[in-house]
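Hello,

Here is the structure I promised to pass on. My notes follow below it.

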Amino acid sequence: MINYDGRRFRNPDSDDGVVARYFQRGDLVWASFAGGKVRRGALNGLCDADGVLHLAYTMVLHGGDIVSGFTRSEPEPSDGGPLRLREEWERYGPNASSGISFLEEIR
């Protein structure tokens, strides 16, 4: 199992300034994130034996919107570079959507 405790991630394809810091105790994983349009965000969920994260998320945007959803984040193999996560996400509510994005560890 990958230990995510203390790791920080950002979207490598965006300069929005959002950075997430992860914490882990056993299979329990949580994170907080902020930056760009996000005033505050939180993730809570579980890490399976393969390092795949199953997380619920909420965030409050600077414009006042409150967003929630679910993401499955799978680590991708790397050649000694930063850890990269492939996120399959789903957003709920009035602005419901889904997609795939990537996070990369900040070293």
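Serine 73 sits in strand β6, residues 66–76. Strands here are DSSP runs of E with at least two residues, numbered from the N terminus. Serine 73 is buried, because its relative accessible area is 0%. The cut-offs: buried is under 20% relative accessible area, exposed is over 50%, and partly exposed lies in between, with a 1.4 Å probe and protein chains only. Beyond its neighbours within four places in sequence, serine 73 contacts Gly51, Val52, Leu53, Leu85, Arg86 and Glu87. Contact means heavy atoms within 4.5 Å.

This is a predicted model: local features need pLDDT of at least 70, side-chain atom pairs count only at pLDDT 80 or more, and totals for chains, interfaces and linings use all residues. Residues are numbered from 1 along each chain as its sequence is written, and side-chain values use heavy atoms, with hydrogens and water left out.

Now serine 98. It lies in strand β8, residues 97–106. Serine 98 counts as exposed because its relative accessibility is 55%. Leaving out residues up to four places away in sequence, serine 98 touches Trp89 and Glu90. Glycine 69 is 29 residues from serine 98 in sequence, and their C-alpha atoms are 9.2 Å apart.

On to the fold. Eight strands close into a barrel, ordered β1-β2-β3-β4-β5-β6-β7-β8, with antiparallel pairing. From one strand to the next, the twist averages 30°. Two strands pair if DSSP finds at least two bridges between them. Strands β3 (residues 28–35) and β4 (residues 38–47) pair antiparallel over seven bridges. Alanine 31 has leucine 43 in β4 as its bridge partner.

Best wishes

Notes. Helices (H or I, at least four residues) and strands (E, at least two) are DSSP runs, numbered from the N terminus. Axes are lines fitted to C-alpha atoms, for helices over the stretch in contact, and angles run from 0 to 180 degrees between N-to-C directions.
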